[in-house]
Structure formats: structure tokens, C-alpha cells
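Keep the viewer open as you read, and follow along one feature at a time.

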Amino acid sequence: MKKVYLDNTATTPLLPEVRTAMLPFLEETFGNPSSLHDWGDAAREAMEVARAQVARLIGANAEEIIFTGSGTESNNFAIKGLALAQQNKGKHIIVSAIEHFSVLHSARTLEKWGFEVTMLPVDKYGVVNPEDVRKSLRKDTVLVSVMQANGEVGSIEPIGEIARITRERNITFHTDAVATAGSIPVNVSELGIDALSLAGNQFYGPKGVGALWVRKGVRIIPLLDGGIQEGGRRAGTENVPAIVGLGKAAELATSNMPARIKHFTALRDALLKELPAKIDHTVVTGHPRNRLPGNASFCVEFIEGEAMLMLLNSQGIAVSSGSACTSRALKASHVLIAMGISHELAQGSLLFGFGLDNTSEDIDYVLEVLPAVVNRLRQMSPLYAKFIKESKGVT
Amino acid sequence: MPIYSAKVMEHFMNPRNVGEIENADGIGEVGNPVCGDMMTFYIKVKDNRLEDVKFKTFGCGAAIAVSSMVSEMAKGKTLEEAMKINANMVANELEGLPKNKLHCSNLGDEALHKAIENYLSKKSGKPVATRVETAGDEHEHETGEPCYCPYCEEEIMDADSPFCQHCQVALGSAPGAESR
């Protein structure tokens with residue numbers, strides 16, 4: 001059976017070059033970077049190369065990069081650590097309604113610790129209005145966090161504009177760049193931001209490694225205590241093989257980015273155009289143009305996402321969905337709901353995340369398989385039956 | 001894919017009795033706006049037996065498999081026998097359902113019972129309650145079927161809470177959310 005992986009939003013595979021770079025650190029070069037001998041030196045040097053590679057990807061200085069265990073950890077660290085460091089100045093933070101749960105739930109934890117949180121709304125495309133940020137700022141605001149792009153609907157946020165507003169008021173601004181770093185050009189100096197989260201498994205690096213960039217001079221309270229690693233900001237023996245892999249993946253992303261963007265954009269635009277043309281009552285979610293190159297997201301009316309996923313999987317196609325039934329907690333995607341999409345329509349959410357291996361033949365295959373899947377589930381759907389009856393009644 | 005039994009997968013891939021019955025003797029509808037599943041059952045009754053049962057379902061793999069199984073279990077049974085089919089029996093016949101889907105997707109028996117009640121009330125010309133309503137049984141589905149924490153399996157009282165009130169684990173969904 002043909003196999004088509006289109007869930008690169010969940011994770012990308014590991015590039016062979018990245019794997020090759022990592023292998024020595026799973027074998028003979030096993031030293032602890034903190035050790036004062038040749039074994040330790042070799043591990044430490046490799047880690048510092050990776051730090052420079054990651055820094056280069058986002059236009060930062062290497063010393064400002066802190067390696068973490070995931071994008072989630074980076075976000076937890078940023079939200080809690082940056083807010084706590086400034087709690088004497090104020091206890092108010094601002095986040096957008098469509099942030100990843102690692103940001104939203106960290107904000108919720110800060111609330112339990114006595115902070116106040118303002119949640120920014122988004123428009124129907126999932127985009128934050130910078131003016132809403134300005135209006136939400138208070139005397140005691142110490143942190144604003146808005147993601148650079150939402151991986152679920154692809155929309156790119158006006159981070160530069162928001163950063164201009166926060167800078168005028170000298171308020172720390174963090175962005176979750178897990179969906180963007182390694183996928184589109186990111187330059188922290190040009191954006192004028194203070195902190196940024198990224199994750200290795202979003203751009204062909206290994207899982208279990210991420211990084212937080214914090215501008216020099218910005219204070220952050222560590223989440224993990226008990227060691228001198230990462231300048232005392234993240235205790236614990238470093239995951240050297242994964243860090244080396246993250247560095248290599250960053251290097252490859254830096255040099256291959258224009259070609260990757262071109263490749264992804266062609267696939268994305270083809271699917272965004274052809275899928276709604278082939279399947280009626282299907283809407284594109286997220287911004288039609290200003291979106292991640294590798295992201296095509298839709299809601300298919302009258303049917304449910306998990307059932308679509310299962311039928312697609314049975315024909316070798318891997319995608320994801322923000323439907324309530326696909327989540328462990330059985331709640332529809334907070335991103336789609338924040339965009340004003342109804343619970344019913346959100347149930348039909350489908351998300352395609354393109355990868356380096358995908359070709360236009362994969363799109364053809366999806367367009368061949370999906371209409372039959374949708375049709376089969378619609379024939380089963382009482383909502384579709386109702387719709388057909390009502391539309392017949394009108395004509 | 002969700003961890004479904006082979007039996008659930010088989011019914012999902014090859015659902016029995018999908019469709020509507022024209023001039024059905026009874027129609028039963030259950031819906032669940034919070035968790036998102038909706039089922040409509042159609043029955044044809046002859047000599048107090050379910051001569052035919054058909055359904056339409058909007059929902060996940062479990063919801064479709066449950067509907068299919070209920071239709072199969074009910075067909076040919078007397079109305080009294082069919083009224084005894086309950087969610088536990090359906091889950092057992094399906095060789096189990098994931099815990100977090102037990103209460104949100106396992107509504108087929110209710111839809112069937114509603115169809116039978118609909119038939120009986122049409123026949124007698126007045127509303128018929130054929131079973132003892134259990135606490136919150138019916139109107140709960142209109143205001144929101146109780147959902148259960150996928151981690152500690154306690155009931156989630158506040159549907160909008162991002163946390164389970166019992167084990168404090170974060171709830172919610174986003175593609176890739178669990179892989180980050």
C-alpha cells in the first residue's frame with residue numbers, strides 16, 4: 001500500500017545527515033560535558049558547535065541559547081521564568097487565546113500563583129490584532145507572549161508589530177516559534193523580541209530537545225535547580241546526542257530554507273485550491289495566504305475528524321485533526337473555537353503538514369482517496385441527511 | 001490511531017445497517033454537543049419485534065462502531081428485549097471501548113430506546129415512559145453528557161476548565177499537542 005505521511009506538524013522525521021551527526025554521541029563520544037577531561041571536552045565542544053548553529057538559525061548570539069528538553073519545556077520556562085523574575089515590578093501577563101497549551105497552562109499556573117492573565121482574542125483567520133495588545137497593557141504588565149505562527153491553522157502573527165509596542169513600554173516579549181523556527185526565516189534582532197522557544201522535531205531534528213533563546217540582560221528564573229549546566233539556567237546533564245542533532249538540523253534548515261519553502265508552498269497551495277474544489281462544503285481554516293509554507297488546514301462539514309483520520313490511515317495517509325474526538329479530553333480545538341468556528345464545524349477539522357519527502361503525487365493520492373472517505377461518512381451522517389432535506393425543501 | 005479493539009475496528013470499517021427507514025415506525029435521536037457525537041436510529045416493528053433497525057451517526061470511530069453493534073444486537077429482538085440492551089452490554093460486545101469514549105460515544109442504546117418509545121407513544125397516542133429514568137439520564141445529554149478525565153477517569157464537572165479538578169492534569173486538544 002502507498003504510504004503518505006502528512007503529519008509533519010506532529011513531528012518531522014530525522015534527516016539522515018542529522019542521524020549521522022548524532023551517532024558518535026550515542027557511541028564512543030559519550031562524555032558528560034561538565035567533566036574536566038578529554039571525554040567531557042569532546043562532548044562540550046560538540047554542544048557549543050550546536051549552540052552556534054541554533055543561534056545562527058534565529059540571528060542570535062550563541063551564549064543566549066539555553067537547551068531544553070522540548071518546545072513545551074521552553075514555553076513553560078519562558079512564561080513562568082520571565083514572569084517570576086519580574087514579579088516585584090508587576091503580576092500581569094498577556095497571552096493570545098490560540099497559544100499552545102504549554103503557554104496557556106503555564107499562564108494558568110501563574111494565575112494560581114497570584115498573577116493576572118489577559119487573553120487576547122483573534123480574528124476569523126486566527127490573527128492577533130497588535131492594537132489589542134496595546135489596549136491590554138497595564139502598569140503592572142511584565143510579560144507578553146504571542147506565538148509566531150499557529151501550527152494548527154498556519155496563520156502567521158504580526159510579531160514585529162507587537163514587539164514594537166512592548167518595547168515602547170519596556171515590557172518583555174516572548175514568542176513561541178516552535179512552528180516557525182527552521183521553517184521560515186526568523187531573526188530575533190529584526191523582530192525586536194526578548195525570548196523565543198523552538199523545538200528540534202519540527203525541522204528534521206530529534207525529539208526530546210528544544211531551545212529557549214533569551215536576550216542578554218533579560219532575567220529568567222530557572223525551572224530546574226541543582227546544577228551549573230546552561231549557565232545555571234537549566235540544571236541537569238545535557239542530552240548531548242539530541243543537542244548535536246538539533247544543531248545539525250538548524251544548520252541544514254538555515255542553508256536549505258529557500259528551497260524548502262518553495263517546495264512546501266507549491267504543495268500547500270495546490271491542496272488549498274484543489275481540496276475545496278473537489279469536496280463541497282469544505283472550508284480552509286487559517287489565513288488564506290499569510291500562513292506557514294507547509295500547512296494546509298480545513299474543516300469538512302457534516303462529519304467528524306477522527307473517523308476521517310481512521311479511514312485515511314487505512315489507505316496509508318497520515319494526517320491530524322483538531323476534532324473533540326481526536327483529543328484525549330474530548331474537547332474541540334481551542335484554536336478553532338477562538339477563531340469563531342462552531343463546535344460542529346470544528347469536529348470536521350483536518351490538518352495536513354507537508355514534509356521534505358512529499359511530492360505532488362501525494363497530493364494527487366489525497367485528492368483521489370479523501371472524496372470517497374468524506375462521501376462514505378456523509379452517507380452515514382444525520383447532519384448531512386438533514387442538510388440535504390432542508391436544501392431540497394428550499395429549491 | 002486510538003486504541004480500539006479489533007471488533008470496534010471491524011464494525012467501524014464495515015458498519016451494518018447504515019441508513020434510514022422510510023416511514024419508520026419509530027425514530028430516536030440522541031446528540032451530544034460537548035463531545036460531539038450524534039445518532040439517529042430508525043426502527044420497523046412487526047408483531048412486537050424489531051423487524052428492521054437502521055441508523056445514521058455523526059461522530060468518531062467509536063460512535064460509528066457502537067451504532068453498528070446496537071443495530072445488530074437489536075434486530076429481530078422483541079421490544080422488551082431491545083429495551084434491556086444497555087451501554088455496558090454494547091461495550092462488552094465490542095470487546096471494550098477506550099475509557100474516555102465510554103460515556104461520550106456509547107449512546108447507541110439510548111437512541112434505540114428513544115426510537116422504541118417513539119413507536120410506543122405513536123401507537124398509543126400518548127407519551128410513553130418505558131423505563132425508569134436514572135439520575136440526569138436524559139436531559140444531561142441535551143445540556144452536555146458528562147465527560148470523564150482521560151487520565152484519572154473521574155467525571156469532569158466544569159467542561160470549560162483547562163484542568164481536571166481531580167488530578168489537576170491539563171485537558172484539551174490540538175493536533176500535535178501531545179507530541180510537543
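## Chain B at a glance

A residue counts as buried when its relative accessible area is under 20%. On that basis, buried residues make up 52% of the 180 residues in chain B. Please keep in mind that this is a predicted model.

Chain B contains six helices and five strands. Along the sequence, they follow the pattern α-β-β-β-α-α-α-α-α-β-β. How much of the contact set in chain B comes from residues 24 or more positions apart? Counting contacts with a separation of 6 or more, such residues account for 58%.

## A three-stranded sheet in chain B

Three strands of chain B form an open sheet, ordered β1-β2-β3, with antiparallel pairing. Which strands stand at the edges? They are β1 (26-31) and β3 (49-58) of chain B; each has a single partner strand, so one side of each is left without a neighbour in the sheet. On average, neighbouring strands of this sheet are turned by 15 degrees against each other, direction ignored.

Strand β2 of chain B (residues 38-46) pairs with β3(B) in the antiparallel sense over nine bridges. To pick out one position, B:Thr40 has B:Lys56 in β3(B) as its bridge partner. Helix α2 of chain B (residues 61-74) lies across β2 and β3 of chain B, and runs at about 175 degrees to β3(B).

## Two packed helices in chain A

Two packed helices are described by the angle between their axes and the distance between the axes. In chain A, helix α8 (residues 240-278) packs with α12(A) at an angle of about 20 degrees, and their axes are 10 Å apart. That angle makes α8(A) roughly parallel to α12(A), because angles under 35 degrees count as roughly parallel. The crossing of α8(A) and α12(A) is right-handed.

On the α8(A) side, the contact is made by A:Leu267, A:Leu271, A:Glu274, A:Leu275 and A:Lys278. On the α12(A) side, the contributors are A:Ser360, A:Ile363, A:Val366, A:Leu367, A:Leu370 and A:Pro371.

## A closer look at A:Glu361

A:Glu361 sits in helix α12 (residues 360-380) of chain A. Is A:Glu361 buried or exposed? With 54% relative accessibility, A:Glu361 counts as exposed, because the cut-off for exposed is over 50%.

For a sense of distance, compare A:Glu361 with A:Met47, 314 residues apart along the chain. Their C-alpha atoms are separated by 39 Å.

Methods: Residues numbered from 1 in each chain as written. Chains lettered and ligands numbered in written order. Predicted model: local features only at pLDDT ≥ 70, side-chain atom pairs only at ≥ 80, totals over all residues. Heavy atoms only, no water. Helix = DSSP H or I, 4+ residues; strand = E, 2+ residues; numbered from the N terminus. Buried < 20%, exposed > 50% of the residue type's maximum accessible area, 1.4 Å probe, protein only. Axes fitted to C-alpha atoms, helices over the stretch in contact; angles between N-to-C directions. Parallel < 35°, antiparallel > 145°, perpendicular 65-115°, else oblique. Left-handed = near helix turned anticlockwise from the far one by under 90°. Contact = heavy atoms within 4.5 Å. Pairing = 2+ DSSP bridges.
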